[in-house]
Amino acid sequence: MSDITPQQPSELIYGIDDRPAPLAAFLAALQHLLAILVPIMTPGLLICGALGVPAHETTMILSMSLIISGIATFLQCRKFGPLGAGLLIVQGTSFNFIGPIIGIGAAMVASGTPYQQVMAAIFGVVIAGAFIEMGVSQILPWVKKLINPLVTGIVVLLIGLTLIKVGLIGMGGGYGAMADGTFANAQNMILSCTVLAIIIILNRLNITWMRSASILLALIIGYIIAAVMGLLDFKAFHDAPVFAIPQPLHYGISFDWSLFIPFAFIYLVTSLEAIGDITATSKISQQPVTGDTWMQRIKGGVLVNGTNSLLAGIFNTFPSSVFAQNNGVIQLTGVASRYVGFWIAGMLVILGLFPKIAGIVQAVPAAVLGGAVMVMFGAVAASGINILASTKLDRRALLIIAISLGLGLGIAQVPEFLKHMPQLIQNIFSSGVATGGIAALVLNLVLPAMDDQPASQGEQM
């Protein structure tokens with residue numbers, strides 16, 4: 001197949017191989033940083049808070065999230081052999097894995113497992129699952145036939161919907177507030193609802209850069225309000241070293257099947273999400289969206305997804321994935337130069353090498369962060385709906401959606417449903433995302449499509 005490049009008029013100031021002047025590159029990179037900084041650190045904050053990880057170790061994990069995101073961004077933009085897409089692609093900590101990690105990890109902690117062993121199991125599974133994604137990058141056409149937009153849309157929707165509980169807990173003040181009886185008190189509700197309202201207002205303005213950075217700006221305002229109320233806790237900041245060298249396998253490494261099963265499935269879905277995000281970046285950057293060049297970009301981008309998740313597990317942080325936020329910033333700035341990605345990568349690595357930066361972020365009250373993550377998690381669910389909208393929603397598709405959502409959300413809300421099942425079954429279906437995703441995959445394979453109504457159309461790439 002020959003390469004096909006989109007033929008719309010180009011509004012780009014700099015193409016992918018252009019080299020902007022240093023000041024222009026720095027300003028463009030800063031726009032990306034404003035859009036991605038909070039999403040990169042949020043998964044670590046939420047997971048560590050839920051599992052009771054001490055503040056100084058949370059600082060280390062957040063710092064490593066920044067460094068690993070910087071390395072992945074550099075690999076995507078620079079491209080080394082088969083590694084990377086060769087586009088201005090930003091990569092960061094994935095939201096997709098938060099639900100299973102918190103759900104299963106919190107259960108392990110509640111059963112008396114020390115948090116250090118829980119973290120060792122989490123990072124062991126992150127490492128093992130990364131090889132799945134690296135393998136998927138080499139057989140994308142086959143996997144794409146097995147997991148089509150109907151299945152992908154259901155899984156992404158389930159990820160967003162199951163995370164809503166985590167967002168609501170954050171709005172109420174977090175797990176600490178649930179323990180000390182201050183959950184959802186007036187103070188926490190004022191903070192979280194104020195941040196939520198600011199995000200809504202900023203997104204209604206006609207100032208593009210403010211919309212792109214709305215979450216960060218809302219958190220800064222919430223941070224200031226919390227400071228006025230005397231709610232900032234700078235213990236993590238004071239305890240953090242000024243500079244720190246990454247420490248591989250800080251918790252050691254172990255393995256847990258109950259975590260691996262949902263991880264394996266989510267790695268597959270994350271690979272397919274990356275296809276859509278990389279294709280969107282190619283289109284915005286005036287690059288081919290079909291053909292050999294495009295396929296090589298897709299394979300290289302997904303391979304970096306897996307490779308960097310492997311590095312993330314080794315260096316004590318959570319799986320990495322392609323971010324969609326950078327596409328909006330490329331449209332905003334008109335800068336698609338992959339050399340800007342080198343600046344972004346450098347900024348992320350530098351921020352990660354100075355743990356006091358993560359300490360400042362940790363000072364933000366859970367309620368302030370909760371108001372922002374509710375929007376982020378809702379956006380994940382909305383993305384799933386958008387994927388489903390690209391399919392033909394006939395009776396077969398609606399039946400698959402109904403059963404998959406029913407089982408997935410049901411298990412997420414009533415995990416006790418599985419308590420009399422064999423341990424292997426409990427391990428496989430303990431995550432609502434895994435339950436609903438497996439149901440969608442199996443039903444999509446076994447239910448025949450109507451001859452006169454294709455199961456899906458407009459497959460998203």
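This is a predicted model: local features need pLDDT of at least 70, side-chain atom pairs count only at pLDDT 80 or more; totals for chains, interfaces and linings use all residues.
I started with burial: 54% of the chain's 461 residues come out as buried (under 20% relative accessible area with a 1.4 Å probe, protein chains only; over 50% is exposed, in between is partly exposed).

I number residues from 1 along each chain as its sequence is written, and side-chain values use heavy atoms, with hydrogens and water left out.

Next, the fold. I found 20 helices and 2 strands in the chain (DSSP runs numbered from the N terminus: H or I of at least four residues for helices, E of at least two for strands). The chain is as compact as a globular protein of 461 residues, because its radius of gyration is 21 Å, close to the 23 Å from the globule rule (taken over C-alpha atoms; the rule is 2.2 Å times the number of residues to the power 0.38).

I looked up contacts too (heavy atoms within 4.5 Å). Among those in the chain with a separation of 6 or more, 85% join residues 24 or more positions apart.

Then I checked backbone angles. Most residues other than glycine have a negative phi. Lys79 has a positive one, about 65°. I found Lys79 in the loop between helix 2 (55-78) and strand 1 (91-93), partly exposed at 31% relative accessible area.

Ala184 also isn't a glycine, yet its phi is positive, about 60°. Ala184 lies in the loop between helix 7 (174-180) and helix 8 (186-203), and is partly exposed at 37%.
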